[in-house]
Amino acid sequence: MAGKVQVFCFDKTGTLTKEGLEYFAVQEIQQTNNGNNGASAGFVAEETDMSRLPNVAQVGLAACHAVTVMGDQLIGNPVDVEQFRATDWEIMQGERDSELYLDTLISPFLESIDGSDKLGRRTVHVIKRFEFVHARQSMSVAVLDQATGHVHVYVKGSFERLKQMANSASVPSNYDSMTARWAREGCYVLALAHKNLGPADDLAAVTRMSREQIESGCDLVSLLLFRNKLKEDTASAIMELKGGDTRTVMITGDTALTGVYIARQCGMVSPSARVILGDVDGNSAGAEPLLVWRDTADDSVVDDIDRLLHSERQDIDDAEKRLGNVVSKRTPSIELAVTAAAFDHLVATNAIRRYLLDIRIFARMTPQGKVECVQLHMERAVTAMCGDGGNDCGALRAAHVGLALSDSEASIVSPFSSSNRSIHSCVTLLREGRSGLATSIAGYKFLINYGTTMSMLEIVQFYFSVIVPQAVWIMIDSFITVGLCIAVTQAQTARKLAPSRPTARLIGAHTLASIWGQTAINYAFLYGMMGLLFRQSWFRCHEFDSRDIDTSLWWLLGDNYEAEVISLVCMFQFVNAAAVYNFGYRYRRAWITNYILAVLYAGFISAISVLVLANPNRFSCMFRINCGNPDTLVDLGYSKPSWGISSYNNPAGHNVMPHKFRWTLWGLCIVNIVLCLAWEKFVVLGPVGRVVKKLWVERKGDSKLRVKL
């Protein structure tokens, strides 16, 4: 399946980007009391040093995570680990002061930090934790502040989700534009909310509170910003995939605008492309959900998305006829991105299939959403999925081809895994898949050619009532066929992805043209050789006579010119079939780099040439070709053999061909070889085949799916 992949889906964080996010800054949200006008909220400048944040924000960032300590190592979600490390707080190890404490955290020494309003070290205890859930896009903790005796609740999650959960008065008026700004700059944006439950009279009661009770009624405190840096080789790998006629798609749990930023950076989206984001407008209370398309550059509403896409498809169709490079032909000028809400809306309205192959970025996708997205792509094309985390497991398992860049749980469910975290592993997988498919088809064609050549040999030998020598059968079945069949599979993989995929059709036009062409050429030469033999003055027509030959010695019924010519011509054809189907073409390396086949091919051709051209010798007599009874060979002017030769089973006592005919026969066999190679190289795989295919497509049309790159 890897050899036929048309669409490659990627997770973003840890796959396209580096595995660990880098902490960037915290942007505090300040609550202001405006007297009669009520409270309002606004952003203050971002702060990179967490020690300069207010107590509420600092304690929340230090406590709202699921990080644990094992020895000296922090264990947990990479984002949580990076967040906790940036706070410089510590997790106490050893026995806890109370069974109700899940964790105890201690602040760093702060007296020497200028501008800090904190004195000494603080101690807080986590008494309740709700882990992160993808469906809710949030996690929460209840924390006991030992200094004040108050219990504080902190909720952390996606900025969209916390906007919905938090008190509306704590949401700044420019919240959407600010979060969009950070997302456009490639930041991974989380939000933090807080509420004070007051003095801790009964900690057990707090631990019994439900998640809804804990997380409701919070005020937004800050945005937490991480930098999501691209892997160094991601851009080159994406470009090679596109050059290999493979559409690349991003399916991420991050925000759409961050996805757009990363897609532009890695080349998945052209720098000049216009990206239009689809999201569900839920502003109107009680109204039907409305899918709205907006230009990510200026946030303007795009009214007629279908007209734009239709016009863009026409431009690509025109480019397909004019330009030669596959990337230039199919790089779109308009790209679509959708949020999880928009994706669900399109699925619910049964419109997703209309836009599916125009959507480049699927954002805020849950693990189940990733599975659905991959399955929809699988309806239209052979689809691969690449991810690195547990949230990708379902999609990796569902895809036609799954590649886990991980040694963790994702590698267990994925058909393929790689400890090399580079996206070039995807390129390697496709190169190997295409090479494997091309090699399998080559082996199939070689064995089919073996069958057609063998049937031709059988028909001709039965027509002339002869049987090729026993040693020839052994040579063909035990050495030529077995050896070359193994050698064909040793072809090396091409170094670059070709801009097409190998055929997988066993009886498709490409496969049949290759087999039928070789068969026709081989048949013509064998029959031509037999005709040439019958025109020789020294050849006695119809020399077979059961009164002169012992038919009980069936294995010696090859002691004649007919069986000799059949054997030599067909052995050349058997050997040459492996060379014909070993052409590297686009998916495998050059013919000569298959060293095993090159050595065997040269050895077999040389050995058969010796059988044709050499005077009687031990080797040719073993095959009963160009040999005879010892006394007969002496009468013909050759020296008497020193090796034993079974008596020839024909009246003449030999089948030694004249020198001139030997060279003529050998020369015609070489022409047979060259024509077969030329048919495969220039007709089936080369310019003739491409011209014929182009004319056929122009006349009959092309039903092949051509995806945007």
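## A salt bridge to start with

Glu212 and Arg136 join their side chains in a salt bridge, with N and O 3.2 Å apart; the term stands for a side-chain nitrogen of Lys or Arg within 4 Å of a carboxyl oxygen of Asp or Glu. Glu212 sits in helix H7 (residues 211-215) and Arg136 in the loop between strand E8 (123-133) and strand E9 (138-145), 76 residues apart. Helices (H or I, at least four residues) and strands (E, at least two) are DSSP runs, numbered from the N terminus. Arg136 and Glu212 also belong to a network of salt bridges with Arg211 and Glu215.

## About the model

This is a predicted model, where local features need pLDDT of at least 70 and side-chain atom pairs pLDDT 80 or more, while totals for chains, interfaces and linings use all residues. Residues are numbered from 1 along each chain as its sequence is written, and side-chain values use heavy atoms, leaving out hydrogens and water.

## Two more pairs

The count comes to 24 salt bridges. Among them, Asp11 meets Lys370 at 3.1 Å, N to O. Lys370 lies in helix H14 (residues 367-380) and Asp11 in the loop between strand E1 (7-10) and helix H1 (12-16), so the pair ties together parts 359 residues apart in sequence.

Asp11 has 5% relative accessibility and counts as buried (buried is under 20% relative accessible area, exposed over 50%, partly exposed in between, with a 1.4 Å probe and protein chains only). Another bridge joins Glu335 and Arg360, whose closest N and O atoms are 3.0 Å apart. Glu335 is buried at 2%, and Arg360 is buried at 0%.
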